[in-house]
Amino acid sequence: MSDNTKAIFTGDRCLSCTSCMANCPVMAAVKEYRGPKLVGPAHGRMHFSQEDIEESLNYCSNCKSCDRACPSGVAVSTLNMLQRAEYYKKHEHLRHEDMLAHGERMAKLIRMMPFGATFSNIGMSIGKTLGIFSALGLAGERNMPAYASTSFKDGFKRIKQAPASKKLVMFTGCFINDNEPQVGQAFVKVMNANGYEVLIDEGFNCCGSPLVVTGFLDEARQHADNNVARILDWKRKGIPVVTPCTSCSLMLKEEYHELFGEHEMHEAAQNVYDAFEFLEILQERGEFNENVKPLNQKLLYHVPCHLKSQAIGLPAQNILEEYKVAKVQTADAGCCGISGNYGFRKDKYEISMKIGAKLFERVKQQDFDKVISDCGTCRMQIHHGTNIKPVHPIEILAKAYA
Amino acid sequence: MRTSDVIVVGGGLAGLMAAAVSASRKQSVTLLTFGSGSLPLASGAIDFFNADNPEVAIKQLPDTHPYAKIGSKARDGAVKFLCDVAAQANLPYNGRLSAQIPVVTAVGTLKYSALVPESMDASKLAAKQKVFVVEIKGLKDFYASMIVDNLKKYFPAKQFETAKLDLKFLGGRDITCMDAAQLLTDNEQPLANELKALNAGGDDAIILPPIFGIAGNFSRSAVQTQVRAEIFETTCLPPSPPGMRLQRAFMKYLQNNGVKFFENSKVIRGVVEGKTVKGVVVETAVREKTFPARKVILATGGFYSGGLTMREFDKPREPIFDLPVFFPEGADNWSNVQLFGDKPQGFSTTGIFTDDSLRPVDSSGNVLFDNLHVVGANLGGCDKIFERSAGGIAISSAYKAATV
């Protein structure tokens, strides 16, 4: 643990065995990408001048399939992201990269305008129709995620919670805050049912995942430093930080330390939990509220890559099945392809849809009542690829608490 | 968290096999892996023992050999089970325990295995009139002329011809067999057309690198049905499509039989009470997680996969349960200078000793844990590479551990 996980120290463990290549969904989809092994562990360490750039580096989606495939514990995808940041030290960012990296900034601007969300949603549908997105370098085939009329944090103040001695801080994540506040509301309901009062810390930034994958590493570092300091504050008060977004939880728990290697990042990470990981720990302690009603549903579960990477099993499936809330069948169809903002880029759209094809095919069999997935962008991708709208498993559990 | 009937630690050939056999017996199974296991790096052929008749030679091995603990019933059961799992994924395997089926390697030598994917079974090669060796433009590490030169040493009288096909794979990275296999999937017709143009007859053979897809035998069937000559695939450098096909066949079986499969899950220790293992502990980035079980099968591999480690000389360790590890003492006995000589390598015989149920024992032969079973490459007492027994020991020890 700890210092061993810093990515730059893991590269030397690479044996060049090719396990990462055999499991890379991007390599399977496109032959321009030279693959995780060559880009991260090999080229990342072996290039000898600043100008020596491996261009195909921009194909990596940071889905982390390579990290999971690696038998030697090399943080392959993070090495790729560090290389990407090096690349942008010498190269200008494109406009769409800037946009996709800064969703949080954009959302804040929009929230400051009266009816900002409504107008920007109209603007986005006009933008899509007129081909403006495409001209900007965004995937014109996609709908941009629509803003909720009220963000989760704004609506949160109106949620009536009974004060409780047990408290947790919810790290909302940008997507849930701005686009799917109903997931946040379900989260609050579930945690309340389990005797926890939910707090919001307005001082948190975006976790930084969209910044890391677009090479804005310095900015990501600022987000990390701010978030880590706040998480440590909460840790000192004995209050855990819990998030229903799997990419946020992975970033806070693991990637900060892999990328930047500061000891405090690891210390803060110990106070961070993914939502169902937290509920499963309550269950193990005998503190989980078992008073749930069966919903008699059959769910198809797409397990996000960034949940698989956390090595916490499948706590959502465990809890929903253990208390007979629903039957959960895993989709077992690999990466959905969108990988955060990757599939929103015009030049990556086709790759992203090709990667997701197996999952779309599975979902289209429609032998279930609902699709569930813990990750917001996975849910968007499944919706886009199948026209079937998935929900977060916490929405299912919230329904089971009558 | 629900207690699993069986937890298997390790996702190589032995781990996948142990999980599959356990699941076939209506057990609830959790498979924990760290890394994607050996199969994407493996040829897909399963060797049992390097002898004219492996079945007979195995029966003459000393009592300390893993095969002696495993027994013939588990060996036979394993062969049948593996072939069934593969067949269910449209991946026909040929062979039996006593077989020595020739396979053409990527450099044109022949290697002999007991169980071989049908696509690689070169038994009939000797009887063929003319052999076409076909390389693909842009595909690296496959040289038809070298293969012909080497095959001529086995078949001096045979007629060979080489060909180089352009399947439009150029552009982008250097193509491996895995890449070619993925590019060929659902796009077999250009290859079929090119092979037809060779005018190879019904008595001829065509040798190709293993590029017929990474799932089952679908791509090969699509081409073979249009070509009169029999097509053989060779082995190749990793990532290896034939190994990936076998891995996918297992994964499909595990999915269909409700096995819980968790990646990136590094098991760091067991939870034990006296002589009973209650579960295993997985280390995540920030905390530990316990997976409870009634039975644990340890398929973590040998030195190459971290199932055994040696940080200090002469002190090999098994890092999860700290099991006693057998090894040949004294630096002189660790290795012989001839890496590929006619004697086993001492260090390769390092491993765990077990009773007849594959439960780990101490130096006096006492069973250490009643419900822990050791399978695959971390079993001690033989040099599996020298004997060419690694695959056979992996699947038959897994079968035994899952069925005792």
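Please keep in mind that the model is predicted. In chain A, three strands make up an open sheet with parallel pairing, and six residues, A:Phe115, A:Phe119, A:Ile122, A:Ile126, A:Leu130 and A:Ile132, gather into a nonpolar patch on the surface.

**The sheet in chain A**
- Reading across the open sheet, the strand order is E6-E5-E7.
- Strand E6 (326-330) and strand E7 (370-372) of chain A are the edge strands, each pairing on one side only.
- On average, neighbouring strands of this sheet are turned by 35° against each other, direction ignored.
- Strand E5 (residues 297-301) of chain A runs parallel to E7(A), and three bridges join the two.
- For A:Leu299, the bridge partner in E7(A) is A:Lys370.

**The nonpolar patch in chain A**
- Together, the residues of the patch have about 650 Å² of accessible area.
- Helix H9 (residues 116-129) of chain A supplies the largest share of the patch, with three residues.

**A loop residue in chain B**
- B:Ser98 sits in the loop that lies between strand E3 (93-95) and strand E4 (101-104) of chain B.
- B:Ser98 has 18% relative accessibility, which is under 20%, so B:Ser98 counts as buried.
- Leaving aside residues up to four places away in sequence, B:Ser98 touches B:Asp52, B:Asn53, B:Pro54 and B:Glu55.

Methods
Residues numbered from 1 in each chain as written. Chains lettered and ligands numbered in written order. Predicted model: local features only at pLDDT ≥ 70, side-chain atom pairs only at ≥ 80, totals over all residues. Heavy atoms only, no water. Pairing = 2+ DSSP bridges. Helix = DSSP H or I, 4+ residues; strand = E, 2+ residues; numbered from the N terminus. Axes fitted to C-alpha atoms, helices over the stretch in contact; angles between N-to-C directions. Patch = residues over 30% accessible without salt bridge, like charges linked within 9 Å, V, L, I, M, F, W, Y side chains within 5 Å. Areas by Shrake-Rupley, 256 points an atom, 1.4 Å probe, with all protein chains shown as cover. Salt bridge = Lys/Arg side-chain N within 4 Å of Asp/Glu carboxyl O. Buried < 20%, exposed > 50% of the residue type's maximum accessible area, 1.4 Å probe, protein only. Contact = heavy atoms within 4.5 Å.
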